[in-house]
Structures are given as C-alpha cells and as structure tokens.
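Visitor: I am new to this structure and would like to learn how to read a few of its features. Could we take them one at a time?

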Amino acid sequence: MPFQITGERLTSLFRPRSVALVGASDKSAFSWIAYRNLVGSGLGEHTYLVSRRGTETHGQPTVTSCTQIGEPVDVAYLMVPQAGLLEALDDAAAAGIRNACVLSSGYAEAGQAGRAAQAELARHADALGMILLGPNHLGFANFTDGVPVCSVPGLPSEPGPVALLSQSGASSSAMLDFARMVNVGLSYLVTLGNEAMITAGHVLDFLVDDPGTRAVAVFMETVRDPETFRRAARRAAGAGKAIVVLKAGSSALSARTAVAHTGALVGDDRVIDAIFADLGIIRVDSIEDMLITAGAAAALGRLGRTGIGIVSISGGACDIVADRADDLGADLPELAPSTRDALAAIMPAYGTVQNPLDDLALALGDDLESLEVNPLLVDGARIEALDAVVTWREHS
C-alpha cells in the first residue's frame, strides 16, 4: 500500500531546524561526518547526540534517549544496526519526532528476508505517524537553506539551481566532485537508498515547488512507485523544470548488481526509454553527462526556438561539436547577416566567421569581452551539453 507522503511532510524533513544523531559514536565515520557537516553549517546548537552508553561523543555530552533531549526535534538520523532499529523508531516517536533517515543496511538488498524486514520497517514507521528516508542511504543536504543531514564529506558551501537525487549514497561523493569541477551548483542532494517509504517520485514532486531548483538530476537503478514518479514528471514538465536521469541496469550484469545494491528490480530498458521519452525526461549514460546536462538545462531553461550557436577557442573542438550535432540532428544554423557583420568587425583577418565559431583569434586579441557567450557552450570539453538542448527541445 502506498504511503501518504505529502509536500508538507517533506518540507518538515528537508528543512529541519534541529536534528538528533541517534547511534552517535566516535568509532563511526558516518557519525563523525554527519556531526561535522551539521556543526560546519552552524547547526551545532541544534544537533543532539543520542547514544545508549551516554558517554561523551565528538567532544560533546550525549543522552541515552530522544525523550531526554527536552527540545523539539525535526529529524532523527538513525545510525543504528537493524536489530535495534524498530526500538529506535519507537524512542524517536515518543519524543515527538516525525521524520527519520535510516542508514542501516540489510533490507531489500539482502534477499527475501531483507525485503520482509523492510516492509515491516515501513509499516512500523507508518503506524507511529513517521515517514522515513532510506534505508541503506547516507541522508540528504539542503544547500539552499544550509542544512546538511548526511554522512557525505566535501559538501559544497554555496547553493545552485540543480537538485541531485541518487539511489546510491556512496556514488554521490563522486557526483559532488564532478559538479564542483564543472561549476554546476546544487540546491539539494538527496540519497534515496531502498526507498521503503519516500521514493524518487515523492522527492521530485517536492522539488517541482522548490523555487531554488530549476533542474533535477537523478541517478537511479529502478523506478519505484511509477505512478507517483509519472505524476511528478508531468508536473515538472509543466513547471519548465528539466529532469535528467542516469538510469543504470541496462545490462544483465548491472541489473544483478542493482538488486544486490538497493534491492532494485530493473525493468526492460527499451520500455524505460519509451516511458522517459513520453514524459519528456532526458536520459543520459554517464555521471558527467547527467550533471552537465542538468546544469545546461538550469541555465538555459526551455528554449523558445530551435538553433544552437557554438563558440570555442579550439578549432578541433568546433569540428567535434559539428559532428556531434549532426549525429543528434541538432540545428546549427548559419549566422544572421547582422551577426556576421558584427563579428567580422572585431575578428582578425585570419579568423573565420561561422557557426561553430572558433574564437581563438579573439582570445589572442583584446576584444574578447565584446562577445556575449553562454559559458556552458564555450568550453569544448563540455560539448555533451548539446544533448540537453536537443532533447529538451524535442520533448517540451
């Protein structure tokens, strides 16, 4: 039975004012990273450490129960082994906590017994009036409001327009590194794990209404709760927010790996392609393409007409882009007479005015600032941004 996950509930989860780290321990890297992230964001005074031993942890006093905190808490971050998790949920609920992030593994990814345990976990949380993110994940970070509730190191310090959702927690570190390298700013990072209650569709629906998010990048192994995902994708298209998906599981080996990773049941890849195309979702096949494409979509928005202008400081890159555009059926129109005249007036005699434009001659001169160029299409190393422009135009 689908759980009732409303936008209001997700707001209380993703925009918390206080967090309880349950199972806090100096011996746990997950605990240390989560604590440092929260303290580094200025939430140290509203971060509460809960440990059954009640001993000093991370240099701070602890309590043995959430009920001893004595202050309202919005999210319980549960770093508790599976054997003690239901008891930890009971304790959090008794303290009035309604949202939980569950890091524990050994659920749907662990076979039939794990799937049964995950179903029991979700039913138990629902009976307590709680919603949970996970299990088998690493939390989330709200960069817009500066609230990192996660065990992912190296988080960006400034927000951006792209939300990143990932069914893999560990892979999110590599995604963050690449986003930083190509200057794609993030509004949210949400690691989804096994999606026992909150699915990618629920989070996507929440982000449609988030003013700081202009595009959503998603790494997924499967689409759980397809109807919720479909409705959210339709809403995103209506709001002009592109969804870019890196969908794993197209090969037999990766499908088996996905089952072992998050318990994902991977469907027929051709069916997924057709569904994504119908929903206007851009599908890519690498982390790099996913983030660059989402960054391009966030920066450009929905294009009002066809036609792409390319500028590069490399003639070789112009050749590659022209070939790639031809492969994709992308329109690289000739420059308008007025544009040619304006460029000819500032280009050295050895420069060629055309689309794609090799502006090395300008870069070597003094008039580079005379051109207004979208930086996402300048660097020859970022030519895969063409995919975003072409695909979104075709499906919008």
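Visitor: Is D210 buried or exposed?

Guide: This is a predicted model, and the values are computed from it. Buried means under 20% relative accessible area. D210 has 3% relative accessibility, so D210 counts as buried.

Visitor: With which residue does D210 form a salt bridge?

Guide: The general idea is that side chains of opposite charge can pair when their charged atoms come close. Here D210 pairs with R15, and their closest N and O atoms are 3.1 Å apart. R15 has a relative accessible area of 33%, so R15 is partly exposed.

Visitor: How many salt bridges does a search of the whole structure find?

Guide: The search finds 11. One of them joins R17 and D74, at 3.3 Å from N to O. R17 is exposed, at 63% relative accessibility, whereas D74 is buried, at 13%. Another joins E227 and R230, with the closest N and O atoms 2.6 Å apart. Both residues lie in helix α7, three residues apart, which is about one turn of the helix.

Visitor: What about aromatic rings: how many pairs does a search of the whole structure find?

Guide: It finds five aromatic pairs. To read a pair, look at the distance between the ring centres and the angle between the planes; an angle over 60 degrees counts as edge-to-face. The rings of F14 and Y188 have centres 6.1 Å apart and planes at 75°, so they are edge-to-face. F14 belongs to helix α1 and Y188 to strand β9, so the pair ties together parts 174 residues apart in sequence. F14 and F206 form a tilted pair, 5.3 Å centre to centre with 45° between the planes. F14, F140, Y188 and F206 form one aromatic cluster.

Visitor: And strands: which residues of strand β2 lie on each side?

Guide: In a regular strand the side chains alternate between the two faces of the sheet. In β2, T47 and L49 are on one side, Y48 and V50 are on the other, and all are buried. Strand β1 pairs with β2 in the parallel sense over four bridges. The chain passes from β1 through helix α2 to β2 in a right-handed β-α-β crossover.

Conventions: Residues numbered from 1 in each chain as written. Predicted model: local features only at pLDDT ≥ 70, side-chain atom pairs only at ≥ 80, totals over all residues. Heavy atoms only, no water. Buried < 20%, exposed > 50% of the residue type's maximum accessible area, 1.4 Å probe, protein only. Helix = DSSP H or I, 4+ residues; strand = E, 2+ residues; numbered from the N terminus. Pairing = 2+ DSSP bridges. Right-handed = clockwise from strand over helix to strand, strands pointing away. Phe/Tyr/Trp six-rings, centres within 6.5 Å; stacked < 30°, edge-to-face > 60°. Salt bridge = Lys/Arg side-chain N within 4 Å of Asp/Glu carboxyl O.
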